[in-house]
Amino acid sequence: MNLVETSQAIDAGEVSLGIELGSTTIKAVLVTDDFNVIASGSYVWENQFKDGVWTYSIEQVWAGIQASYAQLAVEVQSKYHKAITNIGSIGVSAMMHGYLAFSKDNQLLVPFRTWRNNITEQASDKLTDLFDFNIPQRYTIAHLYQAILNNEEHVSQIDFVTTLAGYVHWQLSGEKVLGVGDASGVFPIEEQTGTYDENRLNIFSRLDEVKKYPWNIKDILPGVLPAGKSAGSLTDAGAKLLDPAGNLQKGSLMAPPEGDAGTGMVGTNSVRKLTGNISVGTSAFSMVVLDKPLKAVHRDIDIVTTPDGSPVAMVHVNNCSSDINAWVSLFGQFAARLGLDLKADRLYETLFLEATRSDPDAGGLVNYSYLSGENITKMDAGRPLFVRTPNSNFNLPNFMATQLYAAFAPLKIGMDILTNEEHITPDVLIAQGGLFRTQVVGQQVLANALNTPITLMSNAGEGGPWGMAVLANYAKRGNDKSLADFLDEDVFSNPETMTLSPEPEGVKGYQKFIENYEAGLPIESKAIETIEEREKK
C-alpha cells in the first residue's frame, strides 16, 4: 500500500493490532490487511526477584502496554496524519505459562509468578506421575498445585486463574478465555476435543488435598478457543485502558489470546504437521508439530499445541540471551570509558563477528548462562559462570563464541532427547529472535549446535507481536481456511528466506564444547549451593 491507501485503511479501521508482553520488551505493532507493519511501539521492562519469586508488577504491565500503544499512535499520527479511532481486530500475546490468581472481587491474590520460577518441583513431579503426562514447573496447574501443597492462604479465595495474556485480554474485553496454544501451558489439552483433558481434570479434582477447597478446577480455568474464533470485543473500559488519550473507540474484534510460542509458530509459518521453529530471547524454545504421539513421557519435552490445536513437542529452556546481554553491556561500559559512543547494534555486531574467528570448540572455554534456574539441566537457581583451564585458548573470538555456544547449550541437550530417543528430526528449523540481528553468526552456531539446517525469514525481526496481529486478522476473516492454509496462501505466499547448513568442523567443535559443558555442570550446581542469592536493589 502507498501512503494514501494506508491512510484510508487507518480511517476505515482495516488494520489489526498485535500486542506481545515479552520477557524484556512489551511491543505493539499495527498491520494492514496485507500484513505490512505500518507502526510500532515498545517498552523495555525487566522481571524482579522478590521474596524468592520472579515477577513483574501489574502496574508495570499497564504502564508498558500504554506506553507502547502511545508510541505506536504517535507514529501513525506523524506518518499518516491520522488519529487511530477504530481497529478492526486486536490480539494479545505474552510469555507463556506462569500463575495469576484472582479473587471473586477481581483482586490479584499473590504477585504474578512467571515462567522463570523453578519453585514447583514437588507439584510438577506428582502431577506428571498422576497424569502420565509431562507437567513442567512453569505450567499454571503446577503453580496452583504447589500453592495447595504449601497450604498457602490465598488458595481458598481463588475464583479465577490465568496467564499474563489471558489477564490482559480479560481486562480489555471482559472475556475469561485463552487461545488453545496458551491454554496448553495451563492444563493438558485433549486433541480430539480441543479443550482441557476431562479425565485429567477429574483426577485432579479427586485429590484429597484439592477437595477441601470451595472451588472446582473446571470453574476457575479460562475457557479455550482455537485460532480464528472471536474471543469477544474491545469494551469501552478496555479502549480507555489501552488508549488513555481517549481516541480509540470500543468494538474491535478480539482474537483468542496466545502465548509467545504460538505467535512464534505463526511468525515462522510453522503450524503444519512436521514443521518446526526455534525462538530465542531471554528464554528459548524449539517447537516441532507432531504427526503422531511420542512413545514415552519425557520430563524435558513438553506437549503443547499450535494456535489451532495440533500437538507440538516443545523443548523450553529458561536461559538464553541474558548473559550475552550482560557481557555486551560490560564491553559497552569499557568503550564508553575510552570515549567511544557505540550504538547497541554496532556493539553486538562487532563482538559477534569476532566469534567467526574462534576455534571450533571455542578454545576449551565454558560458560553457564544461568540467570535463573534451568529445568533441562536440573538447576533450581541461577549463577552465571565462566570457566576455563590454564591452557584454554583465552581470547576475544573464543570468549564470544563461548557466549553464543552457551546460549544454545540447554536447547541442544533437550533437542538431543527428541532426536535420539523419539527419532524426530525436522528437515529444517525456522528460527527467530534478536540473536539473529547480526546476520549469519548466531544462525550458523545454532545450525552447528543442532546439526540441522536453520532458516531465517526476512520478517524474523517482526517477531511475536506481528504473529499476534496476523492471528487477529485471521479471526477477523473467519474460518473459510485452515490456519496452515491461511498462512501459506495469504501471509507467506512469497517468503524471503536464508538457510544455513551445519558445517562439519563446527558440528565437531560444538560437540566437544557440549561435552565440556555437561562435565562441568557439578560446578554450576556447587555455585548455586554455596553462593547466596542477592536481592536486586
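This is a short tour of the structure above, stop by stop.

The model is predicted, so local features need pLDDT of at least 70, side-chain atom pairs count only at pLDDT 80 or more, and totals for chains, interfaces and linings use all residues. Residues are numbered from 1 along each chain as its sequence is written, and side-chain values use heavy atoms, with hydrogens and water left out.

**Stop one: aromatic pairs**

A pair of aromatic rings is described by the distance of the centres and the angle of the planes. Here, rings of Phe, Tyr and Trp (its six-membered ring) pair if their centres lie within 6.5 Å; planes under 30 degrees apart are stacked, over 60 edge-to-face, and the rest tilted. The whole structure holds 28 aromatic pairs.

Select Phe 102 and Tyr 167. Their ring centres are 5.5 Å apart and their planes lie at 10°, so this pair is stacked. Phe 102 belongs to strand β7 (residues 100–102) and Tyr 167 to helix α5 (residues 164–173), so the pair ties together parts 65 residues apart in sequence. Helices (H or I, at least four residues) and strands (E, at least two) are DSSP runs, numbered from the N terminus. Both Phe 102 and Tyr 167 are buried; buried means under 20% relative accessible area, exposed over 50%, and partly exposed in between (1.4 Å probe, protein chains only).

Now select Trp 327 and Phe 399. With centres 4.9 Å apart and planes at 85°, these rings are edge-to-face. Trp 327 is in helix α12 and Phe 399 in helix α14 (residues 396–422), 72 residues apart. Is each one buried or exposed? Trp 327 is partly exposed, at 25% relative accessible area, while Phe 399 is buried, at 6%.

To see a cluster, select Tyr 368, Tyr 370, Tyr 405, Tyr 510, Phe 513 and Tyr 517, which form one aromatic cluster.

**Stop two: charges over rings**

A charge sits over a ring if NZ of Lys or CZ of Arg is within 6 Å of the ring centre and within 35 degrees of the ring normal. Select Arg 116 and Trp 54: the charged end of Arg 116 sits over the ring, 4.9 Å from its centre. Then try Lys 176, which lies over the face of Phe 160, 4.8 Å from the ring centre.

**Stop three: a glycine**

Finish at Gly 259, in strand β14 (residues 258–259). Gly 259 is buried, with a relative accessible area of 0%. Which residues does Gly 259 contact, leaving aside neighbours within four places in sequence? They are Ser 93, Ala 94, Met 96 and Asp 182, where contact means heavy atoms within 4.5 Å.
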